[in-house]
Amino acid sequence: MRFRRTWTGVLLAALGASLLAGPARAEAPEEYNSFRPGQPWLDTGGKVVQAHGGQVVPATDAEGRRIYYWYGEDRSKGYFNSPGVHVYSSYDLYNWRDQGLALRAMSSPDQFENDQYFAKLYKDYSAAQKEVVWRDLSTNDVRTDGWARPSILERPKVMYNRFTKKWVMWVHSDGPSSPTSTSTYARAEAGVAIADSPKGPFRWIDSYRLNRVPSDSVPWCGTSSAFDPAGGMARDMNVFVDDDGTAYIIYSSEENRTMYVSKLNRSYTYLSAAPENAVQGKDFVRTLACNQREAPAMFKSEGTYYLVTSGATGWDPNPARYATSQHILGQFTDRGNPITGAGAANTYRSQSTNVVPVDQKRNKFLFMGDRWTPSDLANSPYVWMPMKFGEGGSLTIGPDTEWTLKDLTPYTRWTVTSAIPETVWLNDPSSLPSTVKVTTADGSSQVPVTWDASTIAQPGPASLRGTLSDGRTFTRAVVVVPHGLRYAVNAGGTATPDWTRLTQAATTEQPLLNSAPEQPLGTDPGTGTTWGYTGSSAPAGTGDLYTTLRYAKNHEPLVYTFGNLEPGTYTVHAGYYDPWPWANRAAEVSVNGTVVDQQRLFTATGVAASYGGVQVGADGKITVSIAPTRSPDIQVSWLLIARTA
């Protein structure tokens, strides 16, 4: 989560000025024996740990003991003027010893001659190579070389290469593309450095644009024309070394719209094939296309590759998602949000940066996140949380409460084989079974289960969560149906399977007042009621209740009128989703002329909203208006009208 294209140079300068105070200092802490997500974390010398956007790498020390190295951005001076990439070491993951800067940034090109560190490290570099190093490592805000903006070093990730016995660091390397450029995110490259020791010094090699699909092979996300404005850009990134020693770089590309996984060469210092020669499926894969994801973190469990990502909403936290694949250069399948209940909407106010394999053979993993604080980057806290597996390898992250490594339990695969109802009444789990059959490689047994009421607290498509008596959890896709339903509209007019299930369940109580998923305002041919939409609009999408929608045109509001309602109290339920989340659209929602939602945001995650206490009198009408509050036009996925009294 970075400034990206939304922050101006003036605001960046103001932010940098506000951070001159630097990180807080404190007395050396007592020895840590737990993780405290979001709390201040001091190193063994009593200073705030400076390893933002980082990674923990397990290794073996000279005595054969397991040791961990934590690399990350040094933000002790705020957003600009970063000293470089910091490294810490630990034997227990709780207490970290400062090992200094693994990769040093530069403040002046004169350092190649006047600073012994840089003079020795780059003594064999040509003038052209030194120019590249200075271009990429010059992070100081006030530059003396005529360039308008500094360079950026983000999300450093390190691997040990068992073939070359070298340590290799990849970094999101960004900055202006020319001396007059005022963008700090114009180059969108991945940079690489190499060292003989995990502590460094890492010697910078170069930075590159990476793989991309041919310009005429796919449509650019969000438009109908086929071209390639991204040019192999690489922003938020991570690295992964497979069991056979093959290394990969994972990065957000195409203006953060799409994820790529690219194979590296044997030395880990460049791609396995130059972009112009790379073959998709052999050298790289373009996956999760048009999903607007960043902050990737990859790990492997029982032969399955997991990819945890976040949405792209600047510094603001958002829901995490994870995807899986049986082949690292195959297509990844989205598995949804690994967090349910509290924390699901914003990943406990954090963003993924890495996954630590604490004990991979026993499936013990740790989630590393950052809680970015743009007003005080130096003291932005870390959010490390436990990761657990459920049915069939499903992933759960959190919560963000204090915990220890003992909370990471071993895992073997299991499956619930009982049939679960496809529809559930809103806030009513009474139709769900009290026991389920659980099957493992050793057989099956009936196990008591409790159901998470929060997962059926909103209508529409949902992920129902069950917890077995021994603490294991699993989920099932269901459709949550309100009692007293009178209208069920799927905007866009498609009778999707989940809309059909919802309406069939609702009619077990009473017939609905609409016989079709959607219609323009008029008389329903099946029921004779008056209802429908007005306003310049069109349908879009396929699939389910969320991904089928109606979008407005010409900056007009979408207005739905529902007639022939009995007098009483009603709740209006609405579903919002945006397949084009980069549009940054928002709306004001009114019911019968009263504003019930001043700023409804549209994201790539389907969200339900409920507006209760709507009084219907003798006119028998409810009118719902959805009007844009920003320049993009707005849309809606579904509307439900339920009588509550």
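**View 1. A salt bridge joins Glu-402 and Arg-36.** In this predicted model, the closest N and O atoms of Glu-402 and Arg-36 are 3.7 Å apart, a salt bridge being a side-chain nitrogen of Lys or Arg within 4 Å of a carboxyl oxygen of Asp or Glu. The pair links distant parts of the chain, 366 residues apart, with Glu-402 in the loop between β20 (395–397) and β21 and Arg-36 in the loop between α1 (9–18) and β1 (52–60); helices (H or I, at least four residues) and strands (E, at least two) are DSSP runs, numbered from the N terminus. Glu-402 is exposed, with a relative accessible area of 52%, whereas Arg-36 is partly exposed at 39%; buried means under 20% relative accessible area, exposed over 50% and partly exposed in between (1.4 Å probe, protein chains only). Residues are numbered from 1 along each chain as its sequence is written, and side-chain values use heavy atoms, with hydrogens and water left out. Because this is a predicted model, local features need pLDDT of at least 70 and side-chain atom pairs count only at pLDDT 80 or more, while totals for chains, interfaces and linings use all residues.

**View 2. Lys-300 forms a salt bridge with Asp-243.** Lys-300 counts as buried at 12% relative accessibility, whereas Asp-243, at 53%, counts as exposed.

**View 3. Helix α5 (residues 497–506) has a buried side.** The buried residues of this helix are Asp-498, Trp-499, Leu-502, Thr-503, Ala-505 and Ala-506. Because they cover an arc of only 160° around the axis, they are on the same side of α5, the arc being that of the directions from the helix axis to the C-beta atoms. The face turned away from this buried side carries the exposed residues Pro-497 and Gln-504. Among the strands against which the buried residues pack are β25 (460–468) and β39 (638–643), contact meaning heavy atoms within 4.5 Å.

**View 4. Six strands form an open sheet with mixed pairing.** The order of the strands is β21-β23-β24-β25-β26-β22, and two strands pair if DSSP finds at least two bridges between them. Strands β21 (415–416) and β22 stand at the edges, each with a single partner strand, so one side of each is left without a neighbour in the sheet. Three bridges join β22 to β26, and these two strands run parallel; the bridge partner of Val-424 in β26 is Val-480.
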